[in-house]
Amino acid sequence: MNKDKIFKLAKGFRGRAKNCIRIARERVEKALQYSYRDRRNKKRDMRSLWIERINAGARLHGVNYGNFMHGLMKENIQLNRKVLSELSMHEPYSFKALVDISSNAFPGNKRPKKDSSSIVA
Amino acid sequence: MASRRCLGALTRHLRARLFSASPLENPQTLSLRSLGFTIPQRTSSDLDICHRAFRRSISIRFGGVRRCSSRPTNPSDEEEDEDDESEEEEEENEERGVSSDGENGDVRASKCVVQRGKSEEEKVVEAAEIGYKVIGPLDSSENPFKLYEPFFAVVQIGSHQFKVSNGDSIFTERLKYCEVNDKLILNRVLMLGSRSQTVVGRPIVPDAAVHAIVEEHTLDATVIIFKKKRRKNYRRTKGHRQELTKLRITDIQGIDKSENVAAVA
């Protein structure tokens, strides 16, 4: 029973770890431990990925991430980073509207380059 | 017990009379006429007052009966699928039955009802509002599914936000108080967008609604929770399946649709 379950979880492992029970048991246990830890890490990783994407999208419009988020918080816009990153990828005009709102609320940066770096409408 | 089943039928009739017409306007007068008790003036809401009137009536009528038997065989006072709520109401009745005094019942009433009154219909709607949804009627052989329209909305359910469009399906945490094929209205809309317009709410857009239909109540795939301390002979395995609800988005309201279609065409 248990052996079959171990081998089922050991699919795709390298070398003897997918075939021999003694080695497979160790590797499977380690894999389950990693998955426990990484279920918590995934939340952190995803958030930092969203922040990277928002940063990139906002810098196209001449605003950096910190000032952008500060402007949004000032305007009491409660969109979270997941949705903001999706907007920056798939809805460029809406994201530009948000950047404009934020820079009106909190003009932190100077905006030297507006024509060459923004998306052509 | 048979007494509890009769009690349930009686309270069902009384409750139907109380909450059938304009529950939020004149509950006090309705309860006064129907039950014939003088209710002491308190500063809490009308709902609590008529709730307490119910409970006091129950305790005074069946004051001496000790109800310590079989909680699981509690007949369903309420809607069919809320077992937890009927059990909690069970505990309320039991405490009221044990303390057969009017005064003690009153004091306990003020403590218990405010915390666990989840069984009334208004409370159900309030709990639904916390999860930002309003339950509409069930689907009745009409087809609410439309073709894809190029509009999106950002809607918040509980603590999760989703960017949805017409025809999408989303998985959320298990939404209580709604069954399969229920129409929902998600009224916490944070943003609306289309080809030529963006509506940003601070924080929500008023008068915007996203219609959805509950597609299914499912369980997530199993995750294995495995804990091990090496060299200490400690190893634990546990499986977990999270309860989810799958919603299908059917309509987005609150953004001008006619202009965009004309502009595109």
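Predicted model: local features only at pLDDT ≥ 70, side-chain atom pairs only at ≥ 80, totals over all residues.
1. **Extent of the interface.** Start with how the chains meet. On chain A, 21 residues are in contact with 20 residues of chain B. Together the two chains bury about 2000 Å². Carbon and sulfur atoms account for 57% of that area. The size of an interface is often given in this way, as the accessible area lost when the parts come together.

2. How many salt bridges run between chain A and chain B? There are 4. One of the salt bridges pairs A:Glu29 with B:Lys228, with the closest N and O atoms 2.5 Å apart. Polar contacts between chain A and chain B come to 10 residue pairs, both residues being at pLDDT 80 or more.

3. **What chain A brings.** Three helices of chain A each supply at least two residues to the side that touches chain B: α2 (21-59), α4 (81-90) and α5 (92-105). Which of them gives the most? It is α2(A), with 5 residues. By type, the residues on this side of chain A divide into 10 nonpolar, 5 polar and 6 charged.

4. Over all chains, the structure holds 10 salt bridges. One of them is formed by A:Glu75 and B:Arg202, where the closest N and O atoms are 2.4 Å apart. A:Glu75 lies in the loop between α3 (65-74) and α4 of chain A, and B:Arg202 in the loop between β7 and β8 of chain B, so this pair joins two chains.

5. **A cis peptide bond.** The peptide bond joining B:Arg202 and B:Pro203 is cis, with omega at about -10°. B:Pro203 has its place in the loop between β7 (198-200) and β8 (209-219) of chain B. Most peptide bonds are trans.

6. **A positive phi.** Check B:Arg231 too. B:Arg231 is not a glycine, yet its phi is positive, at about 65°. Where is B:Arg231 found? It is in the loop between β9 (223-229) and β10 (234-240) of chain B. Most residues other than glycine have a negative phi.

7. **Rings and charges.** Searching the whole structure gives 1 aromatic pair over all chains. Charges also sit over rings. In chain A, A:Arg40 lies over the face of A:Tyr36, 4.1 Å from the ring centre. In chain B, the charged end of B:Lys163 sits over the ring of B:Phe152, at 5.1 Å from its centre.

Technical notes: Residues numbered from 1 in each chain as written. Chains lettered and ligands numbered in written order. Heavy atoms only, no water. Phe/Tyr/Trp six-rings, centres within 6.5 Å; stacked < 30°, edge-to-face > 60°. Lys NZ or Arg CZ within 6 Å of the ring centre and 35° of its normal. Contact = heavy atoms within 4.5 Å. Buried area = accessible area lost by both parts, 1.4 Å probe. Salt bridge = Lys/Arg side-chain N within 4 Å of Asp/Glu carboxyl O. Polar contact = N/O pair within 3.5 Å; in protein donor to acceptor, adjacent residues only side chain to side chain. Helix = DSSP H or I, 4+ residues; strand = E, 2+ residues; numbered from the N terminus. Nonpolar A, V, L, I, M, F, W, Y, C, P; charged D, E, K, R; others polar.
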